[in-house]
Amino acid sequence: MAVDTSAGFRYRGRVSKMPPTIQTLTIKDTETLTKGDLVTLESGEIDLAATDDSTILGVVLNTAAGTDSTTTYEVIVDADAIYGVYDASARVKGATLDISGTTGAMTVTTSSNADVTVYAPSTADEETLVMITHGEHADN
């Protein structure tokens with residue numbers, strides 16, 4: 001099976017084996033969010049995540065040009081959610097990585113801020129499975 005090399009984070013399950021919790025949330029700023037973007041929670045509204053954010057919430061499930069405090073998005077919000085992301089590097093379980101990229105182009109890179117943690121080992125030819133690092137998720 002070919003690896004999906006498109007950018008963005010894709011929901012792959014939860015550690016608890018429960019279905020994903022999906023919430024409809026309003027965007028904080030006027031900006032486009034793309035399916036697969038990680039977002040943060042700020043004062044009850046979502047914003048595109050960036051490395052070193054301490055309130056990463058989860059992954060957006062729809063693409064839309066957002067208007068501040070008006071446009072809503074569906075977001076997977078579980079702290080135990082596992083996401084697949086294209087990463088051309090081999091990774092070991094437990095390694096930390098940073099998120100990188102803008103809307104529609106999010107991926108992972110070498111860690112300095114430990115935004116996500118590798119859930120399972122992977123080769124450079126496999127997608128990397130990650131979770132939002134404990135303490136970085138908005139609910140921790």
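1. Leu-38 stands opposite Val-59 in β6, and the strands concerned, β4 (residues 38-42) and β6 (residues 56-60), pair in the antiparallel sense over three bridges. Two strands are taken to pair if DSSP finds at least two bridges between them, and the strands themselves are DSSP runs (E, at least two residues), numbered from the N terminus.

2. This is a predicted model, in which local features need pLDDT of at least 70 and side-chain atom pairs count only at pLDDT 80 or more, whereas totals for chains, interfaces and linings use all residues. Residues are numbered from 1 along each chain as its sequence is written, and side-chain values use heavy atoms, with hydrogens and water left out.

3. The pair β4 and β6 belongs to an open sheet of five strands, ordered β2-β8-β6-β4-β5 with antiparallel pairing. Because β2 (22-26) and β5 (45-48) stand at the edges with a single partner strand each, one side of each has no neighbour in the sheet. From one strand to the next the twist averages 50 degrees, where axes are lines fitted to C-alpha atoms and angles run from 0 to 180 degrees between N-to-C directions.

4. A further open sheet has six strands in the order β1-β9-β13-β12-β10-β11, again with antiparallel pairing. Its edges are β1 (9-14) and β11 (107-110), each with a single partner strand, so one side of each is left without a neighbour in the sheet. Neighbouring strands here are turned against each other by 45 degrees on average, direction ignored. Within this sheet, β10 and β11 run antiparallel and are joined by four bridges, and Asp-98 stands opposite Thr-109 in β11.

5. Asp-87 lies in the loop between β9 (81-85) and β10 (96-100), and it is buried, with a relative accessible area of 5%; buried means under 20% relative accessible area, computed with a 1.4 Å probe on protein chains only. Its side chain and that of Arg-91 are joined by a polar contact of 2.5 Å, that is, a pair of N or O atoms within 3.5 Å, one able to donate a hydrogen and the other to accept it. Leaving aside residues up to four places away in sequence, Asp-87 touches Leu-97, Val-108, Ala-124, Glu-126 and Thr-128, contact meaning heavy atoms within 4.5 Å.

6. Ala-81, found in strand β9, counts as buried at 1% relative accessibility. With residues up to four places away in sequence not counted, the residues touched by Ala-81 include Tyr-11, Gly-13, Val-130 and Met-131. Ala-81 and Ser-16 are 65 residues apart in sequence and 8.6 Å apart in space, C-alpha to C-alpha.

Notes
Buried < 20%, exposed > 50% of the residue type's maximum accessible area, 1.4 Å probe, protein only.
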